Amino acid sequence: MGLYAWVLLLALSIVWGGSFFFAEIALRELGPLTIVTARVSIGALALFVYLRAIGEHLPREPSVLAQLLIMGAINNAIPFSLLVWAQIYLTSGEAAILNAAVPLFTVLLAHWLTDDETMSANKLIGVVVGIIGVAFLIGPQAVRGLGANLFAQLAVIAATISYALASIYGRRLRSLSTSVAATGMLTGSTVLLVPLMLIFESPFSHVPEIDTIGALIGLGVLSSSIAYLLYFRILAIAGSTNLMLVTLLVPVSALVLGVWILKEEIAAQAYLGMCIIFTGLLVIDGRPVKAIVDIARQLRS
């Protein structure tokens with residue numbers, strides 16, 4: 001994976017790093033389906049404005065619209081709902097550790113479901129090392145929490161599998177521009193979620209507080225519309241396995257943002273965790289490892 005893709009991946013981790021924070025604020029007043037529906041609908045609306053500004057429009061072919069609807073279901077509607085519901089019972093640290101398994105599932109599924117993203121030793125080892133790094137980064141209190149709230153944890157794991165499948169299925173949308181694919185997917189998930197929200201929750205029973213409205217806008221504009229422009233660009237140039245490495249970087253970005261914006265302190269094991277995560281990413285990339293091996297061979301000769 002080239003430098004450009006790594007820069008985009010880092011940018012995606014930053015805009016996704018605030019999603020858990022925004023969701024925690026919104027959960028004080030709103031139900032999970034209302035939060036998720038607001039997120040995707042605000043994101044879709046923002047991207048429609050963007051599409052109009054650049055002179056693009058959604059496709060009209062039924063087969064393409066069906067693909068966008070499926071993508072909206074498996075990449076937004078299902079995993080978003082599961083994750084927000086799970087956050088009622090789990091800490092953000094516990095959810096982040098479980099969510100970090102996304103690239104592991106992606107490596108395994110891509111090996112079986114694609115012809116050009118087969119599993120390699122460095123990918124598998126790097127992903128496992130990265131997950132260990134996430135556990136160190138978040139700290140022992142989150143690891144000790146694993147095992148309780150089983151159904152909520154299973155919901156996060158189901159969401160990670162859905163994300164992994166979406167990153168592979170999204171390869172079918174490569175013929176579309178990044179902006180069209182992102183807009184169509186968020187529109188599809190909005191179509192699916194609005195009826196469910198109206199049936200199972202009462203979103204219009206009161207006017208949310210200003211901080212809740214701000215959190216929803218953050219989820220929609222930053223963590224959805226901007227995020228998925230980056231998402232589909234990375235998918236097009238780097239593939240599904242590399243794309244899902246973002247889940248290893250999200251906890252790092254969230255921690256750095258917390259220190260920078262909220263002036264939080266970093267525990268000692270967090271530094272170790274970040275080093276382990278970056279080591280795992282270097283192993284996955286392969287080039288630094290190859291360079292070290294080549295140097296060792298030259299020294300022996």
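Biologist: Why is Arg28 called exposed?

Modeller: Its relative accessible area is 64%. Exposed means over 50%, buried under 20%, and partly exposed in between, with a 1.4 Å probe and protein chains only. Arg28 is therefore exposed, at 64%. This is a predicted model: local features need pLDDT of at least 70, side-chain atom pairs count only at pLDDT 80 or more, and totals for chains, interfaces and linings use all residues. Residues are numbered from 1 along each chain as its sequence is written, and side-chain values use heavy atoms, leaving out hydrogens and water.

Biologist: What makes Arg28 and Asp211 a salt bridge?

Modeller: Their closest N and O atoms are 4.0 Å apart. The rule asks for a side-chain nitrogen of Lys or Arg within 4 Å of a carboxyl oxygen of Asp or Glu. The structure holds 1 salt bridge. Arg28 sits in the loop between α2 (19-26) and α3 (32-54) and Asp211 in helix α11, so the pair ties together parts 183 residues apart in sequence. Helices are DSSP runs of H or I with at least four residues, strands are runs of E with at least two, and numbering starts at the N terminus.

Biologist: Why does Asp211 count as partly exposed?

Modeller: Asp211 has 39% relative accessibility.

Biologist: Are Tyr231 and Phe232 buried or exposed?

Modeller: Tyr231 has 0% relative accessibility and counts as buried. Phe232, at 5%, is buried too.

Biologist: Which residues have the most contacts inside the largest nonpolar core?

Modeller: Leu12, Tyr231 and Phe232, in a core of 82 residues. Helix α11 (residues 210-238) gives the largest share, 11 residues. A nonpolar core is a set of buried Ala, Val, Leu, Ile, Met, Phe, Trp, Tyr and Cys residues joined through side-chain atoms within 4.5 Å. Beyond its neighbours within four places in sequence, Leu12 is in contact (heavy atoms within 4.5 Å) with Ala227, Leu230, Tyr231, Ile234, Leu243 and Val246.

Biologist: What makes the nonpolar surface patch?

Modeller: Trp85, Ile88, Tyr89, Leu150, Phe151 and Leu154, over about 630 Å². Patch residues have over 30% relative accessible area and no salt bridge; nonpolar side chains (Val, Leu, Ile, Met, Phe, Trp, Tyr) are joined within 5 Å, like charges within 9 Å. Tyr89 has 43% relative accessibility and counts as partly exposed. Its value is over 30%, so Tyr89 passes the area test. Tyr89 is in the loop between α4 (62-86) and α5 (92-99). Helix α9 (residues 150-169) gives the most to the patch, 3 residues.

Biologist: Why is Thr187 called partly exposed?

Modeller: Thr187 has 21% relative accessibility. Buried needs under 20%, so Thr187 is partly exposed. Thr187 belongs to helix α10 (residues 178-200). Leaving aside neighbours within four places in sequence, Thr187 is in contact with Ala44, Phe48 and Leu58.

Terms used. Accessible areas come from the Shrake-Rupley method with a 1.4 Å probe; for residues, only the protein chains shown count as cover.
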